[in-house]
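Biologist: Before I use any of these labels, I would like to know what stands behind each one. Please take them one at a time.

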Amino acid sequence: VRSVAGKRVDGVIFAGAFYAKPVVQKAIEQYLKGTPVVMSNGFLKLPNVYGIGINEAQGLEEAVDFLVEKGRRNLVLLLDRGRLSAPIIQRGFENGVRKYPGRIQGRIYRDVERSLKGGGQAAVRLMKEHPETDGIIAVVDLMAIGVLHQLQDMGIPVPEQISLIGEDNSNYAEICRPRLTSLDTKIIDCNVNAVRTMLDVLEARKPSHQVVMYMEIVERETT
């Protein structure tokens with residue numbers, strides 16, 4: 001932040017949830033107090049900061065609804081290690097599960113490595129501990145594909161026995177087989193809106209300080 005401020009820029013866009021934390025807020029207050037700042041995928045409560053955020057809680061809650069509609073009753077959420085939005089994701093999943101008291105079970109596996117290997121290891125563990133699992137949400141597509149590969153190696157058919165949802169709607173979701181159902185986090189749309197917001201500020205228009213975008217389930221072949 002200090003290095004950017006030294007360049008005397010007209011405005012700054014921070015892309016990524018990584019920047020939406022107190023240390024960055026303090027640096028903005030100190031070095032960019034009079035400069036318009038836009039956060040893509042995050043919010044900071046400062047008068048010169050505008051935020052475009054993604055409602056991950058809503059996305060996870062809808063993913064639970066989606067799996068329940070598919071007849072799934074024993075759901076597992078795989079959370080990756082060091083995820084800043086983990087509390088929000090967990091809340092959405094738990095809210096979704098609470099909508100179906102006595103009908104479904106929801107479990108959370110935390111600190112899963114964000115990789116094919118991490119997804120595979122989580123799949124081995126959860127199928128050993130909870131073989132009744134019939135629906136899995138992994139918060140990274142690559143991790144979900146690791147789960148998929150491991151389930152295939154174990155002879156567990158997807159989606160016939162277990163439905164699987166990833167998150168990111170990345171290219172990985174299209175090139176794996178079966179193709180992966182995934183939550184679209186709207187990152188591209190979020191970044192585009194951040195640029196538009198910055199232009200509005202620089203052209204003396206008055207955009208909203210907080211814009212919330214909603215995730216969408218892109219259904220493919222794993223559900």
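Biologist: How do you know how many disulfides the whole structure has?

Modeller: A disulfide here is a pair of cysteine sulfur atoms within 2.5 Å, and a search of the whole structure finds zero. This is a predicted model, in which local features need pLDDT of at least 70 and side-chain atom pairs count only at pLDDT 80 or more, while totals for chains, interfaces and linings use all residues. Residues are numbered from 1 along each chain as its sequence is written, and side-chain values use heavy atoms, with hydrogens and water left out.

Biologist: Why is K45 called exposed?

Modeller: K45 counts as exposed because its relative accessibility is 75%. K45 sits in the loop between β2 (37–40) and β3; helices (H or I, at least four residues) and strands (E, at least two) are DSSP runs, numbered from the N terminus. Between K45 and A20 the C-alpha distance is 9.9 Å, with 25 residues of sequence separation.

Biologist: How do you know what span to expect of helix α5 (residues 116–129)?

Modeller: The expected span is 1.5 Å times one less than the number of residues. For the 14 residues of α5 that gives 20 Å, and the helix reaches 20 Å from its first C-alpha to its last, close to expectation.

Biologist: Which residues of α5 are buried, and what do they pack against?

Modeller: G118, G119, G120, A122, A123, L126 and M127 are buried. The buried residues of α5 pack against β4 (74–80), β5 (105–112), β6 (135–138) and α6 (141–153), where contact means heavy atoms within 4.5 Å.

Biologist: What makes something a pocket, and which residues lie nearest the centre of the largest pocket?

Modeller: On a 1 Å grid over the protein atoms alone, a pocket is an open set of points where a 1.4 Å probe fits, with protein on both sides within 12 Å along at least five of seven lines; lining residues have an atom within 4 Å of a point. The largest pocket is lined by 24 residues, with A17, N41, E56, S85 and I88 nearest its centre. β3 gives the most to this lining, with three residues.

Terms used
Buried < 20%, exposed > 50% of the residue type's maximum accessible area, 1.4 Å probe, protein only.
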